[in-house]
Amino acid sequence: MVFLGHFCNQVFNCPIRSDSASVLLELEQSSHDLVMITGDQALTACHVASQVNICSKPVLILTRMKTSGFEWVSPDETDRVPYRAEEVKELSESHDLCISGDCFEMLQRTDAVVQVIPHVKVFARVAPEQKELVLTTFKTVGRMTLMCGDGTNDVGALKQAHVGIALLNAEPVQKAGSKSQSSKLESKSGKLKKPKPANESSSQLVPPASSSAKAPSSRPLTAAEKQREKLQKMLDEMNDESDGRSAPIVKLGDASMASPFTAKHASVAPTLDIIRQGRSTLVTTLQMFKILGLNCLATAYVLSVMYLDGVKLGDVQATISGVFTAAFFLFISHARPLQALSAERPHPNIFCAYVFLSILGQFAMHLFFLMSAVNLASKYMPEECIEPDSEFHPNLVNTVSYMVNMMIQVATFAVNYMGHPFNQSISENKPFKYALYSAVVFFTVITSDMFRDLNDYMKLEPLPEGMRSKLLLWAMLMFCGCYGWERFLRWAFPGKMPAWEKRQKQAVANLDKKQA
């Protein structure tokens, strides 16, 4: 009896993948809602959901009563709560809810889908079209959905989800690409021999035609013949001439055709990669737009307003400034996403109060710094009228404007770089860090006039003694002001989850209007 129980346990045991619980826990901790949609029974689904961190609160299953109506019942049938569609949201705050396919049909008949579905954690014993309806309902109430599926019955849901991931099973096959590898296989197996041509191998593995034991082609194969065929297939695969490397055999199905992403294994770990890369891309795009906007505003002022006063850039000055700008843009994209997902969310779009206030505040500080420095330099210059179309000749205003403009570029990249909690910080992005340090050192060198030959080569005029310290102090204050303003806005306008509850109420109101 003990042996029989052990045998049944080994046969019917279906272990969960070792990484599923940890992956789903990280998704839960990064402010994502987890939902299970399966064709298994409700009790099985709830038990698995609790093991993989989908359900963390007491579970209630919606069941049909013997008399009439429905009620919420715990898996051990000790707790019972009457079903009311308007109380589902409040009930979901203290319990994890589960519904089955037959109850799902009831919700469709009563038009309570929008009220109930968004608060359910486990959908059990559901049909493929019901899986698709679940995803459609989540999208109706304004949620962003990511679906993982591995079968034909998941095609509809994968197509409805904003992000679909098809999970496949890969079987690694060892390929032998040379006679030496074949000899190694033979030495390891001992009994396996190199297969011969088809007629010779068949004569060894299959009884001869004259044998009375030969089975007719119409009858089923015996266990011994099946074993021979399996052995022959293994030998053919091991001796298949290829590049000598092991490659997985991936059998594509309908699920992979319906989803934009396909994983070559059955793990849900690619979900973390997609979210991690998506957040990194969104943050990088946002910072690029801010940097481009600030650089364009500062450059527009220099090339339009100051051009009328004869302020221009020399060839060497423009080349060095362009090299630093190109290096900043190149190395800022070198940042990699962090491995750990954060509970914070990046801003979902560019046109928001945070971006506009950040750009306007920083540009105001840049413009004040630029105008103050140029006005200070103008006091040390004799009054002369410089034609805008005249050739470039160095002067104090040109020198100051070039130094200030370069410091503004460095501050723009350093302040608006978005590192943690989504990407690597500036200290971790070493190429970008070294580029920033080089620009700061270069600005300090040319401002302090440490190497006169370098300033002469760049056609930069010597600065008065009192003006050097003022310029360095103003640059430091400008950087600190922009940095403090940016950090304040990131604190005041954090990335938030979409307000799907408001959209859900609107969807319910629209449904009531249709019914009326």
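The paragraphs below walk through a glutamine in a helix and then through pairs of aromatic rings. The model is predicted, so local features need pLDDT of at least 70 and side-chain atom pairs count only at pLDDT 80 or more, while totals for chains, interfaces and linings use all residues. Residues are numbered from 1 along each chain as its sequence is written, and side-chain values use heavy atoms, with hydrogens and water left out.

Q409 is found in helix 16, residues 396-416 (helices are DSSP runs of H or I with at least four residues, strands are runs of E with at least two, and both are numbered from the N terminus). Q409 counts as buried, because its relative accessibility is 11% (buried means under 20% relative accessible area, exposed over 50%, and partly exposed in between, with a 1.4 Å probe and protein chains only). Leaving aside residues up to four places away in sequence, Q409 touches N295, S321 and T325, where contact means heavy atoms within 4.5 Å.

Rings of Phe, Tyr and Trp (its six-membered ring) pair if their centres lie within 6.5 Å, and planes under 30 degrees apart count as stacked, over 60 as edge-to-face and the rest as tilted. By this rule the count comes to 12 aromatic pairs. The rings of W72 and Y83 are tilted, because their centres are 6.2 Å apart and their planes stand at 55 degrees; both residues are buried.

The rings of F329 and F413, with centres 4.9 Å apart and planes at 80 degrees, are therefore edge-to-face. This pair links distant parts of the chain, with F329 in helix 14 (residues 315-332) and F413 in helix 16, 84 residues apart. F329 is partly exposed at 23% relative accessible area, whereas F413 is buried at 0%.
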